[in-house]
Amino acid sequence: MSRFPSIDVQRLRWFAAVAEELHFARAAKALHISRQKLSHTVIDLETELGTKLFVPGAQPTRLTDAGRELLREARDIIARTENETGTTAVAAPATLRIGFVPGVTVTKWERIWGRRFPDTPLELVALAQADQESALREGRVDMCFVRLPIDRDGMHAIPLYRELPVVVVSKDNEISLFEEVGMADLAGERLQDAGDIDAVKATIELVAAGVGVAIVPHSIARLHHRRDIVYRTVTDTDDTEIALVWPSTRTTDLVEEFIGVVRGRSEHSSRSPAGKGTEPEPRKPQSAGKRPRPARKPIPSRKKPARGRKR
(Lines give C-alpha, C1' and ligand atoms only; values in the text may rest on other atoms or scores of the structure.)
Protein backbone atom coordinates (compact mmCIF):
# COMPACT_ATOMS: atom_id res chain seq x y z
CA MET A 1 0.00 0.00 0.00
CA SER A 2 1.35 3.39 -0.99
CA ARG A 3 2.16 5.83 1.79
CA PHE A 4 1.26 8.71 -0.55
CA PRO A 5 -2.25 7.92 -1.87
CA SER A 6 -3.45 11.54 -1.91
CA ILE A 7 -0.80 12.86 -4.28
CA ASP A 8 -1.99 13.17 -7.87
CA VAL A 9 0.12 11.69 -10.67
CA GLN A 10 0.98 15.03 -12.27
CA ARG A 11 2.57 16.34 -9.08
CA LEU A 12 4.45 13.07 -8.71
CA ARG A 13 5.78 13.45 -12.27
CA TRP A 14 6.93 16.99 -11.53
CA PHE A 15 8.62 15.91 -8.30
CA ALA A 16 10.26 12.95 -10.02
CA ALA A 17 11.62 15.22 -12.76
CA VAL A 18 13.41 17.36 -10.16
CA ALA A 19 14.54 14.33 -8.14
CA GLU A 20 16.10 12.70 -11.21
CA GLU A 21 17.65 15.85 -12.65
CA LEU A 22 18.61 17.23 -9.22
CA HIS A 23 18.22 20.64 -10.86
CA PHE A 24 15.02 22.73 -10.73
CA ALA A 25 15.67 24.85 -13.82
CA ARG A 26 16.47 21.87 -16.08
CA ALA A 27 13.46 19.95 -14.78
CA ALA A 28 11.14 22.93 -15.36
CA LYS A 29 12.43 23.30 -18.92
CA ALA A 30 11.84 19.60 -19.63
CA LEU A 31 8.31 19.86 -18.24
CA HIS A 32 7.59 23.12 -20.15
CA ILE A 33 6.51 24.94 -16.99
CA SER A 34 8.00 27.86 -15.10
CA ARG A 35 10.65 27.23 -12.48
CA GLN A 36 8.55 29.20 -9.98
CA LYS A 37 5.56 26.92 -10.50
CA LEU A 38 7.72 23.82 -10.09
CA SER A 39 9.29 25.17 -6.88
CA HIS A 40 5.86 26.04 -5.54
CA THR A 41 4.62 22.48 -6.25
CA VAL A 42 7.55 20.96 -4.32
CA ILE A 43 6.96 23.33 -1.39
CA ASP A 44 3.29 22.30 -1.34
CA LEU A 45 4.29 18.62 -1.32
CA GLU A 46 6.67 19.15 1.58
CA THR A 47 3.98 21.01 3.52
CA GLU A 48 1.39 18.30 2.81
CA LEU A 49 3.76 15.48 3.85
CA GLY A 50 5.23 17.38 6.79
CA THR A 51 8.81 16.64 5.78
CA LYS A 52 11.60 17.98 3.59
CA LEU A 53 12.09 16.20 0.27
CA PHE A 54 15.30 18.04 -0.65
CA VAL A 55 18.15 19.03 1.67
CA PRO A 56 17.62 22.75 2.42
CA GLY A 57 20.30 24.96 0.88
CA ALA A 58 22.27 22.04 -0.58
CA GLN A 59 24.37 22.80 -3.68
CA PRO A 60 24.03 20.77 -5.82
CA THR A 61 20.45 19.74 -5.07
CA ARG A 62 20.21 16.57 -2.93
CA LEU A 63 17.29 14.38 -1.86
CA THR A 64 16.54 13.67 1.79
CA ASP A 65 15.70 10.13 2.92
CA ALA A 66 12.00 11.02 2.64
CA GLY A 67 12.63 12.36 -0.86
CA ARG A 68 14.31 9.14 -1.97
CA GLU A 69 11.42 7.12 -0.56
CA LEU A 70 8.87 9.28 -2.39
CA LEU A 71 10.87 8.97 -5.62
CA ARG A 72 10.77 5.16 -5.44
CA GLU A 73 6.99 5.19 -4.92
CA ALA A 74 6.50 7.90 -7.56
CA ARG A 75 8.25 5.80 -10.19
CA ASP A 76 6.03 2.80 -9.37
CA ILE A 77 2.82 4.88 -9.47
CA ILE A 78 3.78 6.63 -12.73
CA ALA A 79 4.70 3.32 -14.41
CA ARG A 80 1.45 1.72 -13.20
CA THR A 81 -0.58 4.65 -14.55
CA GLU A 82 1.14 4.50 -17.94
CA ASN A 83 0.57 0.72 -18.17
CA GLU A 84 -3.13 1.20 -17.41
CA THR A 85 -3.56 3.87 -20.09
CA GLY A 86 -1.18 2.25 -22.56
CA THR A 87 0.53 5.58 -23.22
CA THR A 88 3.38 7.62 -21.87
CA ALA A 89 2.14 11.02 -20.83
CA VAL A 90 4.11 13.92 -22.28
CA ALA A 91 3.60 17.36 -20.83
CA ALA A 92 2.48 19.83 -23.48
CA PRO A 93 4.14 23.23 -23.41
CA ALA A 94 2.11 25.65 -21.33
CA THR A 95 1.36 28.60 -23.60
CA LEU A 96 -0.57 31.76 -22.78
CA ARG A 97 -2.36 33.31 -25.76
CA ILE A 98 -2.86 37.07 -25.50
CA GLY A 99 -5.00 38.92 -28.03
CA PHE A 100 -4.77 42.64 -28.71
CA VAL A 101 -6.69 45.06 -30.90
CA PRO A 102 -5.22 47.78 -33.16
CA GLY A 103 -3.57 50.63 -31.28
CA VAL A 104 -2.58 48.57 -28.23
CA THR A 105 1.16 48.10 -27.68
CA VAL A 106 2.02 44.96 -25.72
CA THR A 107 5.82 44.86 -26.05
CA LYS A 108 6.46 46.06 -22.48
CA TRP A 109 4.42 43.23 -20.95
CA GLU A 110 5.84 40.71 -23.42
CA ARG A 111 9.38 41.69 -22.37
CA ILE A 112 8.61 41.35 -18.63
CA TRP A 113 6.88 37.98 -19.18
CA GLY A 114 9.84 36.65 -21.18
CA ARG A 115 12.26 37.62 -18.44
CA ARG A 116 10.07 36.25 -15.63
CA PHE A 117 8.79 33.06 -17.32
CA PRO A 118 11.38 32.14 -19.96
CA ASP A 119 10.09 28.56 -20.28
CA THR A 120 6.43 29.51 -20.77
CA PRO A 121 5.76 30.89 -24.27
CA LEU A 122 3.57 33.96 -24.66
CA GLU A 123 1.68 33.86 -27.95
CA LEU A 124 0.55 37.30 -29.12
CA VAL A 125 -2.49 37.33 -31.41
CA ALA A 126 -3.37 40.51 -33.36
CA LEU A 127 -7.17 40.79 -33.62
CA ALA A 128 -9.60 43.04 -35.42
CA GLN A 129 -11.73 44.93 -32.93
CA ALA A 130 -14.81 43.27 -34.40
CA ASP A 131 -13.35 39.88 -33.37
CA GLN A 132 -12.25 40.73 -29.82
CA GLU A 133 -15.29 39.23 -28.07
CA SER A 134 -15.71 36.13 -30.26
CA ALA A 135 -11.99 35.30 -29.89
CA LEU A 136 -12.42 35.24 -26.11
CA ARG A 137 -15.69 33.31 -26.05
CA GLU A 138 -14.49 30.73 -28.59
CA GLY A 139 -11.21 30.16 -26.75
CA ARG A 140 -8.94 31.41 -29.56
CA VAL A 141 -7.16 33.54 -26.96
CA ASP A 142 -6.93 33.21 -23.18
CA MET A 143 -7.00 36.96 -22.55
CA CYS A 144 -7.37 40.03 -24.71
CA PHE A 145 -6.57 43.73 -24.59
CA VAL A 146 -9.87 45.10 -25.87
CA ARG A 147 -11.30 48.49 -26.68
CA LEU A 148 -14.47 48.96 -24.64
CA PRO A 149 -17.39 48.54 -24.72
CA ILE A 150 -17.66 44.75 -24.74
CA ASP A 151 -20.37 42.42 -23.42
CA ARG A 152 -19.07 41.60 -19.93
CA ASP A 153 -21.43 38.71 -19.27
CA GLY A 154 -19.20 35.88 -18.02
CA MET A 155 -16.11 38.05 -18.35
CA HIS A 156 -13.63 39.63 -15.96
CA ALA A 157 -12.26 43.02 -17.02
CA ILE A 158 -9.47 45.22 -15.70
CA PRO A 159 -9.70 48.78 -17.08
CA LEU A 160 -6.18 49.95 -17.88
CA TYR A 161 -6.16 53.41 -19.43
CA ARG A 162 -8.22 55.89 -21.41
CA GLU A 163 -7.37 57.36 -24.80
CA LEU A 164 -7.99 60.94 -25.88
CA PRO A 165 -9.93 61.31 -29.13
CA VAL A 166 -8.19 63.18 -31.92
CA VAL A 167 -9.37 64.56 -35.25
CA VAL A 168 -7.33 63.50 -38.25
CA VAL A 169 -7.13 66.09 -41.04
CA SER A 170 -5.08 66.64 -44.17
CA LYS A 171 -1.95 68.72 -43.69
CA ASP A 172 -3.48 71.57 -45.74
CA ASN A 173 -6.64 71.76 -43.64
CA GLU A 174 -6.92 74.97 -41.56
CA ILE A 175 -7.60 72.85 -38.47
CA SER A 176 -3.91 71.87 -38.55
CA LEU A 177 -3.15 75.40 -37.24
CA PHE A 178 -4.70 74.56 -33.86
CA GLU A 179 -3.21 72.57 -30.98
CA GLU A 180 -6.66 71.30 -30.02
CA VAL A 181 -10.23 71.80 -31.16
CA GLY A 182 -13.82 71.41 -30.01
CA MET A 183 -16.69 69.85 -31.94
CA ALA A 184 -17.93 73.34 -32.80
CA ASP A 185 -14.70 73.91 -34.74
CA LEU A 186 -15.56 70.92 -36.91
CA ALA A 187 -19.10 72.03 -37.71
CA GLY A 188 -18.24 72.96 -41.29
CA GLU A 189 -16.25 69.79 -41.99
CA ARG A 190 -17.39 66.56 -43.60
CA LEU A 191 -17.00 64.00 -40.82
CA GLN A 192 -15.94 60.60 -42.12
CA ASP A 193 -17.35 57.57 -40.29
CA ALA A 194 -14.43 56.05 -38.39
CA GLY A 195 -16.61 53.92 -36.11
CA ASP A 196 -15.19 50.77 -37.65
CA ILE A 197 -11.64 50.88 -36.28
CA ASP A 198 -10.67 47.92 -38.45
CA ALA A 199 -11.44 49.87 -41.64
CA VAL A 200 -9.78 53.08 -40.50
CA LYS A 201 -6.96 52.78 -43.05
CA ALA A 202 -9.42 53.46 -45.87
CA THR A 203 -10.82 56.40 -43.91
CA ILE A 204 -7.31 57.84 -43.46
CA GLU A 205 -6.81 57.60 -47.23
CA LEU A 206 -9.92 59.75 -47.79
CA VAL A 207 -8.81 62.28 -45.18
CA ALA A 208 -5.34 62.52 -46.73
CA ALA A 209 -6.99 63.24 -50.09
CA GLY A 210 -8.82 66.17 -48.49
CA VAL A 211 -12.21 64.43 -48.33
CA GLY A 212 -13.38 65.39 -44.84
CA VAL A 213 -11.94 64.64 -41.40
CA ALA A 214 -12.17 61.69 -38.98
CA ILE A 215 -12.25 61.34 -35.19
CA VAL A 216 -10.35 58.31 -33.86
CA PRO A 217 -8.56 57.25 -30.65
CA HIS A 218 -5.10 58.77 -30.31
CA SER A 219 -3.30 55.41 -30.61
CA ILE A 220 -5.07 54.66 -33.91
CA ALA A 221 -4.04 58.02 -35.35
CA ARG A 222 -0.46 57.38 -34.26
CA LEU A 223 -0.56 53.87 -35.76
CA HIS A 224 -1.67 55.20 -39.16
CA HIS A 225 0.34 58.43 -39.15
CA ARG A 226 1.74 59.64 -42.47
CA ARG A 227 3.33 62.82 -43.74
CA ASP A 228 0.27 64.26 -45.46
CA ILE A 229 -2.00 64.20 -42.38
CA VAL A 230 -1.96 65.66 -38.88
CA TYR A 231 -4.10 64.98 -35.82
CA ARG A 232 -5.31 67.33 -33.10
CA THR A 233 -6.91 66.61 -29.71
CA VAL A 234 -10.70 67.01 -29.53
CA THR A 235 -11.58 68.44 -26.12
CA ASP A 236 -15.33 67.86 -25.85
CA THR A 237 -16.12 64.35 -27.11
CA ASP A 238 -15.98 60.98 -25.38
CA ASP A 239 -12.65 59.25 -24.95
CA THR A 240 -12.17 55.48 -25.30
CA GLU A 241 -10.96 52.90 -22.79
CA ILE A 242 -8.61 49.93 -23.07
CA ALA A 243 -9.12 46.94 -20.76
CA LEU A 244 -7.66 43.49 -20.19
CA VAL A 245 -10.50 40.95 -20.43
CA TRP A 246 -10.76 37.17 -19.98
CA PRO A 247 -13.56 34.60 -19.40
CA SER A 248 -14.29 34.26 -15.68
CA THR A 249 -14.40 30.44 -15.95
CA ARG A 250 -10.84 30.29 -17.30
CA THR A 251 -8.89 32.08 -14.57
CA THR A 252 -5.83 29.81 -14.58
CA ASP A 253 -2.49 30.24 -12.81
CA LEU A 254 -0.96 31.58 -16.03
CA VAL A 255 -3.79 34.11 -16.35
CA GLU A 256 -3.17 35.23 -12.75
CA GLU A 257 0.54 35.56 -13.47
CA PHE A 258 -0.12 37.75 -16.52
CA ILE A 259 -2.50 39.93 -14.51
CA GLY A 260 0.35 40.43 -12.04
CA VAL A 261 2.69 41.46 -14.86
CA VAL A 262 0.19 43.99 -16.23
CA ARG A 263 -0.56 45.37 -12.78
CA GLY A 264 3.15 45.79 -12.08
CA ARG A 265 3.42 43.28 -9.23
CA SER A 266 6.88 42.10 -8.28
CA GLU A 267 8.04 38.63 -9.27
CA HIS A 268 7.72 37.35 -5.70
CA SER A 269 4.41 39.04 -4.89
CA SER A 270 2.29 37.02 -2.46
CA ARG A 271 -0.65 37.53 -4.87
CA SER A 272 1.18 35.60 -7.59
CA PRO A 273 0.41 31.84 -7.81
CA ALA A 274 4.15 31.16 -7.88
CA GLY A 275 4.78 33.51 -4.99
CA LYS A 276 2.12 32.27 -2.57
CA GLY A 277 3.57 31.19 0.69
CA THR A 278 6.54 33.53 0.43
CA GLU A 279 7.01 36.41 2.80
CA PRO A 280 5.85 39.81 1.53
CA GLU A 281 8.48 42.33 0.54
CA PRO A 282 9.26 44.79 3.36
CA ARG A 283 7.92 48.29 2.95
CA LYS A 284 10.26 51.23 3.04
CA PRO A 285 9.65 53.39 6.13
CA GLN A 286 8.19 56.83 5.45
CA SER A 287 9.35 59.97 7.11
CA ALA A 288 7.14 61.05 10.00
CA GLY A 289 4.48 63.53 9.07
CA LYS A 290 4.94 63.04 5.32
CA ARG A 291 2.37 61.34 3.15
CA PRO A 292 2.95 60.20 -0.44
CA ARG A 293 1.61 62.61 -3.02
CA PRO A 294 -0.72 61.13 -5.64
CA ALA A 295 0.47 61.20 -9.23
CA ARG A 296 -0.95 64.10 -11.24
CA LYS A 297 -2.15 63.71 -14.77
CA PRO A 298 -0.81 66.23 -17.27
CA ILE A 299 -3.33 68.87 -18.30
CA PRO A 300 -3.54 69.28 -22.08
CA SER A 301 -2.72 72.74 -23.38
CA ARG A 302 -5.70 74.72 -24.61
CA LYS A 303 -3.69 77.47 -26.33
CA LYS A 304 -4.42 78.36 -29.95
CA PRO A 305 -2.15 80.16 -32.42
CA ALA A 306 -2.04 83.91 -32.00
CA ARG A 307 -3.09 84.51 -35.58
CA GLY A 308 -6.25 82.53 -35.10
CA ARG A 309 -8.10 80.53 -37.62
CA LYS A 310 -8.12 81.27 -41.36
CA ARG A 311 -11.30 82.62 -42.88
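A polar contact is a pair of N or O atoms within 3.5 Å; within protein, one must be able to donate a hydrogen and the other to accept it, and residues adjacent in sequence count only if both atoms are side-chain atoms. Asp8 makes one at the N-terminal end of H1, capping the helix with a side-chain oxygen 3.2 Å from the backbone nitrogen of Gln10.

This is a predicted model, with local features needing pLDDT of at least 70, side-chain atom pairs counting only at pLDDT 80 or more, and totals for chains, interfaces and linings using all residues. Numbering starts from 1 along each chain as its sequence is written, and side-chain values use heavy atoms, leaving out hydrogens and water.

Here are the helices that come up (DSSP runs of H or I, at least four residues, numbered from the N terminus):

| Helix | Residues |
|---|---|
| H1 | 9–21 |
| H3 | 35–49 |
| H4 | 65–85 |
| H5 | 107–116 |
| H9 | 253–263 |

Back to H1: its buried residues (under 20% relative accessible area, 1.4 Å probe, protein chains only) include Arg11, Trp14 and Phe15. After H1 comes Leu22, with a positive phi near 55 degrees.

Thr61 is buried, at 15% relative accessible area. Beyond neighbours within four places in sequence, Thr61 is in contact (heavy atoms within 4.5 Å) with Leu22, Phe24 and Phe54.

Elsewhere, the H5 and H9 axes (lines fitted to C-alpha atoms over the stretch in contact, with angles from 0 to 180 degrees between N-to-C directions) come within 10 Å and cross at roughly 125 degrees. The contact involves Trp109, Ile112, Trp113 and Arg116 of H5, and Leu254, Glu257, Phe258, Val261 and Val262 of H9.

Key:
Helix = DSSP H or I, 4+ residues; strand = E, 2+ residues; numbered from the N terminus. Expected span 1.5 Å × (residues − 1). Buried < 20%, exposed > 50% of the residue type's maximum accessible area, 1.4 Å probe, protein only.
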